[in-house]
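Subject: Structure handover

Hello,

Here is the structure we spoke about. Please look it over; my notes on side-chain contacts follow.

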Amino acid sequence: MNILLEFFVVTFRVLWAFVLAAAKWLVRPKEKSVAGQVCLITGAGSGLGRLFALEFARRRALLVLWDINTQSNEETAGMVRHIYREMAEEEAATAGPRVAGDGEKDALPHCNLQVYTYTCDVGKRENVYSIAERVRKEVGEVSVLVNNAGVVSGHHLLECPDELIERTMMVNCHAHFWTTKAFLPKMLEMNHGHIVTVASSLGLFSTAGVEDYCASKFGAVGFHESLSHELKAAEKDGIKTTLVCPYLVDTGMFRGCRIRKEIEPFLPPLKPEYCVKQAMRAILTDQPMICTPRLMYMVTFMKSILPFEAVVCMYRFLGADKCMYPFIAQRKQATNNNEAKNGI
């Protein structure tokens with residue numbers, strides 16, 4: 001094709017993409033069904049991971065929960081089973097009396113929904129691959145992969161042990177490589193699946209005091225974007241990707257983090273339930289990226305076009321330049337208290 005003609009075609013497609021994006025703002029797209037599909041969530045034992053599990057359970061997905069903490073992971077599984085039972089009871093009340101057998105699984109919906117739990121340290125490659133093989137044998141192929149597990153060290157760079165820096169990078173970034181390599185091949189074969197990367201607004205712009213966390217989230221965002229382009233280049237349009245970049249979420253992970261007190265009422269920490277509901281809407285409508293709140297899109301854009309010194313001025317005005325310092329101080333105090341209790 002003549003390059004000039006191709007240029008006009010590309011221009012038209014770019015403008016058409018803007019039109020479609022605007023239309024989705026005005027008319028809410030229909031959510032797809034994940035009923036009966038295998039959905040694997042990492043870091044499912046608490047926080048956003050637990051809430052994702054509950055939301056997918058309400059949509060009748062068959063859940064596989066990974067977490068390093070066995071007890072909290074089982075607690076999430078118990079909540080999921082409770083949702084399954086409630087749905088089963090509603091179905092039974094609607095469909096009339098039904099003969100039940102023995103065992104817990106008979107209380108689940110007729111589509112045989114179950115929840116499987118695995119204790120897995122996603123920061124360890126061998127552990128991820130071995131547990132992934134068990135999942136394929138015991139559950140089946142994964143259709144929806146939610147890479148959610150995350151950690152934060154809570155130390156200034158020069159005070160942070162190298163082991164914690166490596167741990168942050170392994171869990172927040174490298175684990176995405178291992179889980180995706182484990183489950184993507186079958187998705188490619190079937191040309192069907194969905195990979196969700198739960199990153200952070202700190203993967204789009206950074207702040208002081210959390211160099212390791214920002215680097216890991218920037219890495220996760222870069223990995224996700226490159227993977228999305230690779231799937232497009234391979235013309236695997238049946239495999240969808242969604243990047244989730246929330247602002248500070250009130251899960252306790254960054255307890256103590258504060259911006260300027262006059263600004264805080266206008267930009268408070270997000271409620272975890274709100275954050276997950278927005279993310280679920282994006283996932284189920286195949287939205288490529290979701291920033292919560294929408295103001296994060298503007299912040300990212302301004303960071304890209306403004307001079308660095310202008311960005312620094314804005315950070316200082318908002319109190320975002322040292323917003324992590326109270327959080328780090330609390331972490332340090334808690335560490336000192338634990339060491340004192342243990343007689344160290």
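Arg50 counts as buried, at 16% relative accessibility (buried means under 20% relative accessible area, exposed over 50%, partly exposed in between, with a 1.4 Å probe and protein chains only). This is a predicted model: local features need pLDDT of at least 70, side-chain atom pairs count only at pLDDT 80 or more, and totals for chains, interfaces and linings use all residues. Residues are numbered from 1 along each chain as its sequence is written, and side-chain values use heavy atoms, with hydrogens and water left out.

Salt bridges

The count is 15 salt bridges (a side-chain nitrogen of Lys or Arg within 4 Å of a carboxyl oxygen of Asp or Glu). Arg50 takes part in one of them, with Glu75; the closest N and O atoms are 3.4 Å apart. That pair links distant parts of the chain: Glu75 is in helix H3 (residues 70-95) and Arg50 in helix H2 (residues 47-58), 25 residues apart. Helices (H or I, at least four residues) and strands (E, at least two) are DSSP runs, numbered from the N terminus. Glu75 is partly exposed, at 39%.

Arg59 and Glu55 also form a salt bridge, with closest N and O atoms 2.8 Å apart. Arg59 is partly exposed at 27%. Glu55 is buried at 8%.

Lys232 pairs with Asp237 in a salt bridge, at 3.8 Å between the closest N and O atoms. Lys232 is exposed at 59%. Asp237 is partly exposed at 46%. Elsewhere, salt bridges with shared partners join Glu55, Arg58, Arg59 and Lys277 into one network.

Aromatic contacts

The whole structure holds 6 aromatic pairs. The rule: rings of Phe, Tyr and Trp (its six-membered ring) pair if their centres lie within 6.5 Å; planes under 30 degrees apart are stacked, over 60 edge-to-face, the rest tilted.

Trp66 and Phe183 form a tilted pair, 6.1 Å centre to centre, with 55° between the planes. Trp66 lies in strand E2 (residues 62-67) and Phe183 in helix H5 (residues 162-190), so the pair ties together parts 117 residues apart in sequence. Trp66 is buried, at 0%. Phe183 is buried, also at 0%.

Tyr213 and Phe254 have ring centres 5.1 Å apart and planes at 80°, so this pair is edge-to-face. Both Tyr213 and Phe254 are buried.

Tyr129, Phe177, Trp178 and Phe223 form one aromatic cluster. Arg125 lies over the face of Trp178, 5.5 Å from the ring centre (the cut-offs: NZ of Lys or CZ of Arg within 6 Å of the ring centre and within 35 degrees of the ring normal).

Best regards
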